[in-house]
Amino acid sequence: WSLEERKQTLMRCHLVWERNPVAQGAIRVTRAFVVGTGLNLTYRNKQVEEVLEQFRHDNRQRIQRWERQWFEQLMIDGEVFARLFTANGSISVRSVKPWLVQAIQTDEEDRDQREIYHMFMERGSGAPTSPPVIQGNAVAVPADEVIHCYINALSYEMRGRSELFAILPWLRAYREWLENRARINRYKGFLYHLQMKGASSGQISSKRSAFKQPPAPGSVYVSSDAEELKELGGSIDAGRVAEDGRQLKLMSLVGLSLPEYMLSEGYNANLATARAQQLPALRTFADYQDIYIQELWQPLYEAVLEAAGIDLNAELPEHDADGKETGKVIWICKAFEVNAQQLVDEDPKNLMEALALA
């Protein structure tokens, strides 16, 4: 995608997330499983613990917000850019809008080796007199100052794609189906045809005046056999078309790897089917956790340690949970671990019994 194509596509995804309950509900359900109440850290070295806990304390409100917002952004935009600013041994983080990243420059011989991110800069405080405005040409930002986490990309691609991108047509189709059914329901009984056999023009005018307002629901109209009143409103026939709408919605849910019962009442769900459908969804959530932690939060905390003067290639003594040395040495990358909530898989024995019972 060109920069303009990417921006237009992301604007569509943002609009769907903001206005479509199915899309917003799916993103929130996924975030609830993946992030839960937040991430936590475990440590195996006291020095590393002191540095990272100080950073988390100084940015505690931002981190709580980032843990939720960055994951939703990853789902909606398909990627998260976090730019790092280092000064006096500390580091600050700023989120970058994906449509402001013009290009990613890599090594000519190794495309996996990213060197420069070309970004447009926005200036302005957001005040009425100072709205955000893109200024000048793109700025070359070294790759070690950017953390880039992305999903839905092939091995040779540099950018990610939104989870909503593939289901945009189906979300629209389901919305239009609901709107059309609501219109038919609304206008049912709003159109009547009164046929009068052998009536004069004066009689027709008189009846037209009498029927300026349509018959109220539940009212009774009495006439001779010379008159016939017919309702021409649309036929709801909801029982026959309900399955059409369900299939449209299922296309969106399949694209998000979510079972139907997580966003609405399951059509034919029971204990056994719910447990069986839950397993692939939990696996999807676990994959998101791995990507989110290993490609975003782990590099962020490693950058914090590096800004504090800790050599990431060095070894440090290992400490136990009580802060005592174990006599072993560990790499910096092993001195801390970012953890998400445990996704509990159902006991296979209970699942087998539920399936047998069903």
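To begin with one of them, is Glu157 buried or exposed, and what is its relative accessible area?

Guide: Glu157 is buried, with a relative accessible area of 16%, because buried means under 20%, while exposed means over 50% and partly exposed lies in between (1.4 Å probe, protein chains only). This is a predicted model, in which local features need pLDDT of at least 70 and side-chain atom pairs 80 or more, whereas totals for chains, interfaces and linings use all residues. Residues are numbered from 1 along each chain as its sequence is written, and side-chain values use heavy atoms, without hydrogens and water.

Glu157 is held in a salt bridge (a side-chain nitrogen of Lys or Arg within 4 Å of a carboxyl oxygen of Asp or Glu) by Arg161, with 2.8 Å between the closest N and O atoms. Arg161, at 29%, is partly exposed.

The structure holds twelve salt bridges, and among them is the one between Arg159 and Glu79, whose closest N and O atoms are also 2.8 Å apart. Arg159 lies in the loop between β7 and α5, Glu79 in strand β2, and the two are 80 residues apart; here helices (H or I, at least four residues) and strands (E, at least two) are DSSP runs, numbered from the N terminus. Both Arg159 and Glu79 are buried, and together with Arg6 they are linked in a network of salt bridges.

Another salt bridge joins Glu318 and Arg44 at 2.3 Å, N to O. Glu318 belongs to strand β10 and Arg44 to the loop between β1 and α3, so this pair ties together parts that are 274 residues apart in sequence. Glu318 counts as buried at 11% relative accessibility, whereas Arg44, at 35%, is partly exposed.
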